[in-house]
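The following paragraphs lead through one model, moving from the chain as a whole to individual residues. Please keep the sequence and the structure in view while reading.

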Amino acid sequence: MLLEIHPEHPEPRKIRRAVAALEAGEIIAYPTDTVYGLGCDLLNKAAIERLYQLKGMPKSQALALVCVDLGDIARYAMVDNPVY
């Protein structure tokens, strides 16, 4: 399914559909500043397994984590003050 979301005026029902897909363990594609990224729910092990398989990456290779803002990083990682 292709779900186009306007970058300046996103429709709430489309955002809810994308969130529902993530909550259901689906993989989504989203635009970045250069290409498209693939993403899933960080806390869903099956989705992460599917993401590694889809990308053809070894599990030893780290995945990127997208956070709302810098304050959100502490929920998922321990970061020293100089790095933060």
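Among the contacts in the protein chain between residues at least 6 apart in sequence, 10% join residues at least 24 apart, where contact means heavy atoms within 4.5 Å. The model is a predicted one, in which local features need pLDDT of at least 70 and side-chain atom pairs count only at pLDDT 80 or more, while totals for chains, interfaces and linings use all residues. Residues are numbered from 1 along each chain as its sequence is written, and side-chain values use heavy atoms, with hydrogens and water left out.

The secondary structure of the protein chain amounts to two helices and two strands, which follow one another along the sequence in the pattern α-β-β-α; helices (H or I, at least four residues) and strands (E, at least two) are DSSP runs, numbered from the N terminus. Taken along the principal axes, the box filled by the C-alpha atoms of the protein chain is roughly 40 × 30 × 25 Å.

The accessible surface of the protein chain comes to about 7,100 Å², and 57% of that surface belongs to carbon and sulfur atoms; accessible areas come from the Shrake-Rupley method with a 1.4 Å probe, and for residues only the protein chains shown count as cover. Of the 84 residues of the protein chain, 14% count as buried, a class that means under 20% relative accessible area, as against exposed at over 50% and partly exposed in between.

Once its neighbours within four places in sequence are left aside, K14 is in contact with L3, E4 and I5.

The segment after α2 (45-55) contains L65, which is partly exposed because its relative accessible area is 43%. Together with L42, L43 and Y76, L65 forms a nonpolar patch on the surface, with about 400 Å² of accessible area in total. Patches are made of residues with over 30% relative accessible area and no salt bridge, with like charges joined within 9 Å and nonpolar side chains (Val, Leu, Ile, Met, Phe, Trp, Tyr) within 5 Å; a salt bridge is a side-chain nitrogen of Lys or Arg within 4 Å of a carboxyl oxygen of Asp or Glu.

A74 is also found in the segment after α2, and A74 is exposed because its relative accessible area is 62%. The C-alpha atoms of A74 and Y84, which are 10 residues apart along the chain, are separated by 9.4 Å.

Definitions and conventions
Buried < 20%, exposed > 50% of the residue type's maximum accessible area, 1.4 Å probe, protein only.
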